[in-house]
Amino acid sequence: MAIPDTVPLLGMSWNDVLFLLLAAVMLGSALLVVTLRDIIRCGIAMVAAFAALAGIYVMLGAPLIAAAQVLVYIGAIAVLILFAVMLTQAKNAPARLVFQTQAIPAAVAAIVLAVIVALSVTATDWGDVGTRIATATDALARLLFNQYILPFEVVSVLLLAAVIGSVYLAKREDRDA
Amino acid sequence: MSQSLDAYLVLAGILFAIGSFGFLARRNAISMLMSIELMLNAVNLAIVAFGAFVPELNVDASVIALMVMAVAAAEATVGLAIVMAIYRNRRTPLVDEYDAMRQ
């Protein structure tokens with residue numbers, strides 16, 4: 001049985017439906033991240049947002065970035081944040097207020113920011129950029145290890161410094177020694 | 001819609017706005033770090049979208065996105081270590097109770 005070109009009943013292309021679905025999941029999860037009361041659930045919603053964004057990267061023709069997104073964000077950063085949550089959240093703490101007192105000005109500022117970005121994006125002429133292109137992995141590797149070799153090495157030093165610095169910051173101080 | 005750069009950029013802008021709201025409004029320090037991660041992801045989405053639609057930027061955008069991810073990982077590590085260090089002194093993760101420098 002052949003798959004129809006457009007989605008039945010909707011009349012949109014499969015790519016558009018997939019894009020809308022992933023965008024809705026990503027924005028919905030992001031809203032849950034900033035509004036949920038239970039911080040563990042915030043972390044789980046953040047994982048969902050990262051996963052949907054990885055799907056959008058695949059749609060943009062960047063599968064390597066999508067793989068790095070899953071490995072770095074879901075595999076490392078989200079797990080790190082969840083560990084920190086478990087170490088710092090006192091269970092019986094009276095977390096009555098989720099937001100600070102300036103939540104309403106912050107919401108207004110965020111909405112104004114989103115509207116400004118959307119207006120400026122749609123008002124700008126980006127030229128005739130209508131077709132997507134896919135990234136070849138070998139081209140990326142050649143560029144990374146030739147033209148971008150200095151930033152690559154600087155990032156590795158930065159990661160080393162971050163590891164050493166965070167171990168120093170997080171280690172318990174021996175008051176006797 | 002999935003063929004237009006505008007859709008991806010607007011999506012990135014909305015994600016950035018949500019992250020900025022969380023950073024401004026949440027009381028919990030770790031929630032603020034999560035919001036920063038959302039904003040970094042929004043920027044990465046914009047970079048990858050430009051790379052996918054502008055031929056000259058195609059491969060460079062992927063390299064830059066990878067760099068941003070590495071720096072985000074470093075930022076999360078140091079940020080969480082700072083939160084742990086403050087938590088050990090103040091016994092609370094709520095930033096509006098970190099008022100030692102106000103007095």
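This is a predicted model: local features need pLDDT of at least 70, side-chain atom pairs count only at pLDDT 80 or more; totals for chains, interfaces and linings use all residues.
## Contact between chains A and B

The contact draws 73 residues from chain A and 65 residues from chain B. On the side of chain A that touches chain B, the elements that give two or more residues are helix H1 (14-35), helix H2 (39-59), helix H3 (63-88), helix H4 (103-123), helix H5 (137-145) and helix H6 (149-170) of chain A. Sorted by class, this side of chain A has 60 nonpolar residues, 11 polar residues and two charged residues.

## Helix H1 of chain A

H1(A) has 22 residues. From its first C-alpha to its last, H1(A) reaches 31 Å, which is close to the 32 Å expected at 1.5 Å a residue.

The buried residues of H1(A) are A:Phe19, A:Leu22, A:Ala23, A:Met26, A:Ser29, A:Ala30, A:Val33 and A:Val34. Because they cover an arc of only 140° around the axis, they lie on the same side of H1(A). In an α-helix there are 3.6 residues a turn, so residues three or four places apart point the same way. The other side of H1(A) carries A:Leu21 and A:Ala24, which are exposed. The partners of the buried residues come from both chains: these residues pack against H2 of chain A together with helix H1 (5-25) and helix H2 (29-53) of chain B.

A:Tyr73 has its place in helix H3 of chain A. A:Tyr73 has 26 other C-beta atoms within 10 Å and is therefore buried, given that 20 or more are required for that class. Leaving aside residues up to four places away in sequence, A:Tyr73 touches A:Phe50 and A:Ala78. A separation of 12 Å lies between the C-alpha atoms of A:Tyr73 and A:Gly43, which are 30 residues apart along the chain.

A:Pro63 also lies in helix H3 of chain A. With 14 other C-beta atoms within 10 Å, A:Pro63 is partly exposed. The C-alpha atoms of A:Pro63 and A:Ala136 are separated by 9.2 Å, although these residues are 73 residues apart along the chain.

## Domains of chain A

Chain A is divided into domain 1 (1-91) and domain 2 (136-177). Between the C-alpha centres of domain 1 and domain 2 of chain A, the distance is 26 Å.

## Chain B

Chain B has three helices and zero strands, and its elements run α-α-α from the N terminus on. Along the principal axes, the C-alpha atoms of chain B fill a box of roughly 55 × 25 × 20 Å. The radius of gyration of chain B is 17 Å, whereas a compact globule of 103 residues would have one near 13 Å. Buried residues account for 59% of the 103 residues in chain B. Of the contacts in chain B between residues at least 6 apart in sequence, 49% join residues at least 24 apart.

H1(B) has 21 residues and reaches 30 Å from its first C-alpha to its last, close to the 30 Å expected at 1.5 Å a residue. Of the 21 residues of H1(B), 16 are buried, so this helix is largely enclosed by the rest of the structure. H1(B) is also among the elements against which the buried residues of H1(A) pack.

Conventions: Residues are numbered from 1 along each chain as its sequence is written. Chains are lettered from A and ligands numbered from 1 in the order in which they are written. Two residues are in contact if their C-beta atoms, placed from the backbone, lie within 7 Å. Helices (H or I, at least four residues) and strands (E, at least two) are DSSP runs, numbered from the N terminus. Ala, Val, Leu, Ile, Met, Phe, Trp, Tyr, Cys and Pro count as nonpolar, Asp, Glu, Lys and Arg as charged, and the others, Gly among them, as polar. The expected span of a helix is 1.5 Å times one less than its number of residues. A residue is buried if 20 or more other C-beta atoms lie within 10 Å of its own, exposed if 12 or fewer, and partly exposed in between; C-beta atoms are placed from the backbone. The arc is that of the directions from the helix axis to the C-beta atoms. The radius of gyration is taken over C-alpha atoms; the globule rule is 2.2 Å times the number of residues to the power 0.38. Domain bounds come from an automatic or database domain assignment.
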